[in-house]
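Trainee: I am new to this structure and would like a close look at a single part of it. Please take me through the aromatic rings and how they pair.

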Amino acid sequence: MHGFNSSVGSKSREIAEFLAEYHFADQFELITPKLDPDPRVAVDYIDNLIRSNDRRVVHLIGTSLGGFYALYFKAKFNEKFLIVHSINPSWTPSISLAPFVNQSLENFKTKESWIFQEIYLLRLEEYERYIQENLKTEACKSLYLHISNSDEVLKFDKMLNYLDKHKINYIKNIYDTDHRFRNIKEVMKLIVTI
């Protein structure tokens with residue numbers, strides 16, 4: 001799942017290349033959704049994808065805002081079939097994205113124009129509260145955080161402090177890269193061993 005104001009792109013291609021190169025394409029089905037700017041529409045779409053695949057192990061990979069959505073679904077689904085890989089996740093997008101409210105934006109990849117509406121921020125606040133109320137210790141044996149040590153966009157201290165304070169189990173992997181995260185094949189090497 002891609003991040004804010006973005007779309008399916010290079011990470012999806014790299015994952016597909018990895019699966020083909022190492023002969024995992026027959027074991028893993030890659031689904032790369034283009035997420036709607038409206039968080040509710042995006043979350044409903046992802047929810048349907050997860051539910052339609054709940055008879056097999058689902059590795060949910062999300063970057064930045066997509067990483068936030070991945071955390072939301074880890075809080076929502078306690079089942080072991082869902083393994084979350086949250087890459088440089090936003091923890092409080094209602095704060096980090098507040099400056100964009102009512103702004104006309106151009107998607108980084110598709111060049112489509114759209115407006116980030118205030119209702120989107122309110123919906124993100126709802127999901128933030130849901131995560132903090134429902135992310136349970138016992139449910140998180142399959143929560144992987146992949147964090148860049150030179151992320152120029154997001155800070156992760158508050159998220160990590162919250163997870164540690166509430167004794168939520170997670171596995172943290174640190175990478176020598178920036179917010180764009182150029183290490184997706186390293187994440188895939190981990191996924192195929194789980």
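Mentor: Rings of Phe, Tyr and Trp (its six-membered ring) count as a pair if their centres lie within 6.5 Å; planes under 30 degrees apart are called stacked, those over 60 edge-to-face, and the rest tilted. Ring pairs of this kind join Tyr-72, Phe-73, Phe-77, Phe-81, Tyr-127 and Tyr-130 into a cluster.

Some words on the origin of these values are in order. The model is a predicted one, in which local features need pLDDT of at least 70 and side-chain atom pairs count only at pLDDT 80 or more, while totals for chains, interfaces and linings use all residues. Residues are numbered from 1 along each chain as its sequence is written, and side-chain values use heavy atoms, with hydrogens and water left out.

In total, the structure holds 16 aromatic pairs. In one of them, the ring centres of Trp-114 and Phe-116 are 6.0 Å apart and the planes stand at 85°, so this pair is edge-to-face. Both Trp-114 and Phe-116 are buried, where buried means under 20% relative accessible area, exposed over 50%, and partly exposed in between (1.4 Å probe, protein chains only). Another edge-to-face pair is formed by Tyr-175 and Phe-181, with 4.9 Å from centre to centre and 80° between the planes. Tyr-175 counts as buried because its relative accessibility is 11%. Phe-181 is buried as well, with a relative accessible area of 2%.

An α-helix has 3.6 residues a turn, so residues three or four places apart point the same way.

Of its 194 residues, 49% are buried. Among contacts between residues at least 6 apart in sequence, 74% join residues at least 24 apart.

Conventions
Contact = heavy atoms within 4.5 Å.
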